[in-house]
Amino acid sequence: MPMSTYIAIWALALTTPAFAEEPAMVARAPQAEPTSVVLGTASGGALDPLATRPPHVGPRPAFAGGPDLTIQVVNSFGVPLSIFYGSNAGAPTPVGNPGSGVLTSSTQVLFPSDWAGRITIGKTYDPQGSKIEASYSSPNYVPDVDVSYVDGFSIPISCSCSGVAVTGCNIPLFNDGHTCGNTGPGPICYNPEQDVPNGPASPFFEPCAGAAYTYPNDNAANSYGQCNTGVIDCCVGPQCPAPARQHGKRELSDVSKRHFWARGEVEA
């Protein structure tokens with residue numbers, strides 16, 4: 001799809017009258033979020049500059065669809081959502097330079113080599129909401145993607161490569177039995193483990209531990225080396241596919257159950 005088509009798609013999304021009266025869906029300028037990695041860096045994840053990556057040997061991979069990494073995002077949540085594209089400091093901007101807007105059904109954006117950044121999605125725009133973190137940069141030029149709830153949870157997201165879910169969690173956590181200790185508008189649940197490197201995940205986030213990042217070193221949620229076709233398909237909503245390692249609250253550990261119920265015995 002040519003660049004002009006992407007620009008036209010975003011222009012339409014930002015000017016559709018049907019959403020003009022929704023303050024939650026007002027487009028934000030790209031400056032609305034810092035461009036450097038300052039929010040909830042998932043250690044070992046796609047945006048961790050200190051993660052050990054094996055150097056790529058040989059020429060840069062040539063994807064079937066062209067030299068750029070393609071990320072497709074499908075809205076299966078049922079209502080329009082706010083979406084924001086943020087690039088790391090020094091990284092090139094996505095093709096068409098989408099900064100923010102409204103995700104009604106789906107969108108597809110191309111990311112050039114040496115790009116790294118995040119896609120934040122929620123009912124309202126909040127830089128601490130659910131996000132897709134991805135990179136396609138030297139020295140390896142291997143696409144890397146993770147779904148991060150390190151800052152907070154606003155919406156379920158999962159991402160797949162070649163038809164296999166590799167990162168994310170489709171559990172609608174607000175409807176799954178645990179109360180959020182710090183809720184913001186949207187709603188969004190701010191993660192109390194944001195600055196706790198080794199967790200464990202708090203009870204609200206625990207069902208997604210190991211599938212999406214629920215604390216900085218929740219590194220089982222990363223997908224490095226699993227996306228080599230140049231296309232990453234991300235889906236938003238509880239009906240989206242999820243990695244096989246995702247589990248539910250019924251599998252909470254005894255320690256987590258005691259913590260949640262604030263008593264010594266384990267609740268069945």
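Predicted model: local features only at pLDDT ≥ 70, side-chain atom pairs only at ≥ 80, totals over all residues.
View A. The rings of F153 and F174 form a tilted pair, with 5.9 Å from centre to centre and 50° between the planes. F153 belongs to strand 8 (residues 152-153), whereas F174 lies in the loop between strand 10 (164-169) and strand 11 (183-184), so this pair ties together parts that are 21 residues apart in sequence. F153 has a relative accessibility of 1% and therefore counts as buried, while F174, with a relative accessible area of 28%, is partly exposed.

**View B. The tilted aromatic pair of F84 and Y125.** Because F84 lies in strand 2 (residues 81-87) and Y125 in the loop between strand 5 (115-122) and strand 6 (131-136), the pair ties together parts that are 41 residues apart in sequence. Both F84 and Y125 are buried.

**View C. Strand 1 and the strands with which it pairs, strand 4 and strand 13.** Strand 1, residues 69-75, is mostly covered, since five of its seven residues are buried. With strand 4 (residues 106-111) it pairs in the antiparallel sense over six bridges, and in that strand T107 is the bridge partner of V73. Strand 1 and strand 13 (residues 231-236) run parallel and are joined by six bridges, with I232 of strand 13 as the bridge partner of I71.

View D. V74 has a relative accessibility of 36% and so counts as partly exposed. Leaving aside residues up to four places away in sequence, V74 touches S105, S106, C234, C235 and V236. The C-alpha atoms of V74 and Q108 are 8.7 Å apart in space, although the two residues are 34 residues apart in sequence.

**View E. Q246 in the loop between strand 13 and helix 2 (254-261).** With a relative accessible area of 19%, Q246 falls under the 20% limit and is therefore buried. When residues up to four places away in sequence are not counted, Q246 touches G168, C169, N170, I171, P207 and A211.

Note on methods
Residues numbered from 1 in each chain as written. Heavy atoms only, no water. Buried < 20%, exposed > 50% of the residue type's maximum accessible area, 1.4 Å probe, protein only. Helix = DSSP H or I, 4+ residues; strand = E, 2+ residues; numbered from the N terminus. Pairing = 2+ DSSP bridges. Contact = heavy atoms within 4.5 Å. Phe/Tyr/Trp six-rings, centres within 6.5 Å; stacked < 30°, edge-to-face > 60°.
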